[in-house]
Structure formats: C-alpha cells, structure tokens
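Work through these exercises with the model open. Try each task before you read its solution.

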Amino acid sequence: MRILSEILQAPDPINMEAFFSRLPVPYKIVIFSVHGYFGQADVLGLPDTGGQVVYILDQVKALEEELLTRIKQQGLNVKPQILVVTRLIPDAKGNKCNQELEPIANTKHSLIVRVPFNTEKGVLGPWVSRFDIYPYLERFSQDATAKILELMEGKPDFIIGNYTDGNLVASLVATKLGVTLGTIAHALEKTKYEDSDVKWKDLDSKYHFSCQFTADMIAMNAADFIITSTYQEIAGSKKRPGQYESHVAFTMPGLYRVVSGINVFDPKFNIASPGADQSVYFPGTEKQRRFTEFQTAIEELLYSKEDNDEHIGFLADRKKPIIFSMARLDTVKNLTGLTEW
C-alpha cells in the first residue's frame, strides 16, 4: 500500500516494477509430491501410492480450470503452467514412473515432472519408502530447482508441498527462489503413532521420526500458508488435540525439546475441504449415472462360487448392501471397525 501511494503521487519505473512484482498473479505453479509411485495408471496397490496421488491430480485439474477461467475474465492472453514434481524411479516396471515428463490427463497446461535421486554412486534405481527418503532430499531439491527453472524459463509464482518430504523440499526450493510457499500435511505421523515423540528412539530405525518431525517443524514454520481439511486438524476437539496442535510443545528425549513449535492461531492456517469428484460420487437414487455395463462383471466377481485369479471366496447373502473400501491393512485405517459395522 505504501508503494501504491507513492505511485499515485509520483509514478516512476522503479516503483511501478516493485509494485507489480508484489501483486499475487499466480500463473506458474509448482506442486511437490516426492515419494511413492506417482503416476496416472498402473500404480494402484504399489507402496506409498494412495489417496495423496488422486488428491493432487484432482487438485491440478481444478486449479488449471480456475486459472483459465480467471485469465479469461481478466481479458489476459496468458497460458498457465502447473508442474507436479516427483521422484523418477528407474526400476519402475509396467507404469510411467521411470518417464521424465508425463502430461496430466484432462489438462492442457499441466505436467508430471520426475527428477531422479542422484547419489555419489549415480542414480538410485529402486523405490524408497517415504520413511527412508530423507538422505536424498537436499540433492533432490537442487536438481528439481534446476529442472523447474529450465521448464518454466524462470521462477514459479508459488510452490505447494505435500506430505513431510514434499513440504521439506518445497521449503528449500521456495526459500532459494524467494517465492510464496504453501504446505499440505495429508498426514502428520506424530499423531498416528502413540507416544511417538517420547518413544522416538525405539521407532527411529523403522520410521525415522527424528527426521520426519524435524522436517514437519521446518516446513510448517517456513510456509506462507498451510492448507488443512478441517478445524479439528488444526486445534482438535474437547477430547483430543489437533494434529498441528500436538506440535506446539513436545520432547524427543536425548534429541531436542520443542517449546514453541507452531502457532495454531496463526492466520496462515486455511481450511479447505478437498470435496469429491461429482462425476464419481453421486446419490444412489441417480441410477441413470451408474456404469451399468460393469454390473455383470461385478456380480461375477462377488457372487461366483468358483475361485479364480481375482478373488478367493464369495458373498453368500445377496440381500445385504455392498460396501467397497480400499486401504492398506493398517490399524489407523480401522478396517476392523468397518467390518464390525
């Protein structure tokens, strides 16, 4: 506002350039999702490939559509550019996770960009668990920065990180380039494993929480904005603390003590529920929208008494409603609760 006031009183090229450089005009956006098999086909069921991939692909489509609408309304002749930066996995078979560039389906200006993990011994070939990924992230952020500048022919307007590793890389790249940074946690592991801060030494060989919790603290404090799905994710409820609230103060004995981790009242927190794709999710009463051509195949899959390569067993009672759930066999997914229900 001070610069605008100066321009109105005595416009000059330096003040004009400073003013327009600060206006939020995001046309070039980078989204980081580093770990897992990030692809659009043939990755279902592979390790570290879950809802986050679908979330980001849906986000990109909605974001591009919104950008194109706004550009048209503003009467501008600008093409947006969205890059989803992830890891290239040379040993990936049967999918495109070993392909450097992949256009995102149903978009015109969005790409998946895969950057390999470079080490002293060369490019790392196999998949790496999201818990074991931290030694590679600093070099990855440097290589990703170079690739982004090359493809965008300049700096992006802002960067969004996803999950701990993506948020850490995003914070490194955004700090280096001096651009706006947003983070999305998806899952703060600290609240998923009971007493994971106090018992970090017992769990560190498997989960590397010392790295993860530190990376979460760095990213959430470096961020200009944080996207959450619900208020409870930030501040919790009467019965339990929120995911972010649990980072306000905690101790990892023998490593460090956090006395002021994150301010949950900071306006950088924004609540934006992901919603659902209405072409996929719709009321059961709208029968005309169902994929009826799959009905025979589904009945064969569920009720056939003959075992085959696709299933073991069958459903005996056709009167009961069918619930489809897809998740890994982990206690946090509460599949036993769904079964009991």
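This is a predicted model: local features need pLDDT of at least 70, side-chain atom pairs count only at pLDDT 80 or more; totals for chains, interfaces and linings use all residues.

Residues are numbered from 1 along each chain as its sequence is written, and side-chain values use heavy atoms, without hydrogens or water.

**Exercise 1.** Check the span of helix H3 (residues 51–73).

Solution. Helices are DSSP runs of H or I, at least four residues; strands are runs of E, at least two; both are numbered from the N terminus. Expected span is 1.5 Å times one less than the number of residues. For the 23 residues of H3, that gives 33 Å. The end C-alpha atoms are 33 Å apart, which agrees. After H3 comes Gly75, with a positive phi near 70°.

**Exercise 2.** Classify the ring pair Phe213 and Phe250.

Solution. Rings of Phe, Tyr and Trp (its six-membered ring) pair if their centres lie within 6.5 Å; planes under 30 degrees apart are stacked, over 60 edge-to-face, the rest tilted. The whole structure has eleven aromatic pairs. Here the centres are 6.4 Å apart and the planes at 85°, so the pair is edge-to-face. Phe213 lies in helix H7 and Phe250 in strand S10, so the pair ties together parts 37 residues apart in sequence.

**Exercise 3.** Is Cys211 buried, exposed or partly exposed?

Solution. Buried means under 20% relative accessible area, exposed over 50%, partly exposed in between (1.4 Å probe, protein chains only). Cys211 has 35%, so Cys211 is partly exposed. Cys97, at 1%, counts as buried.
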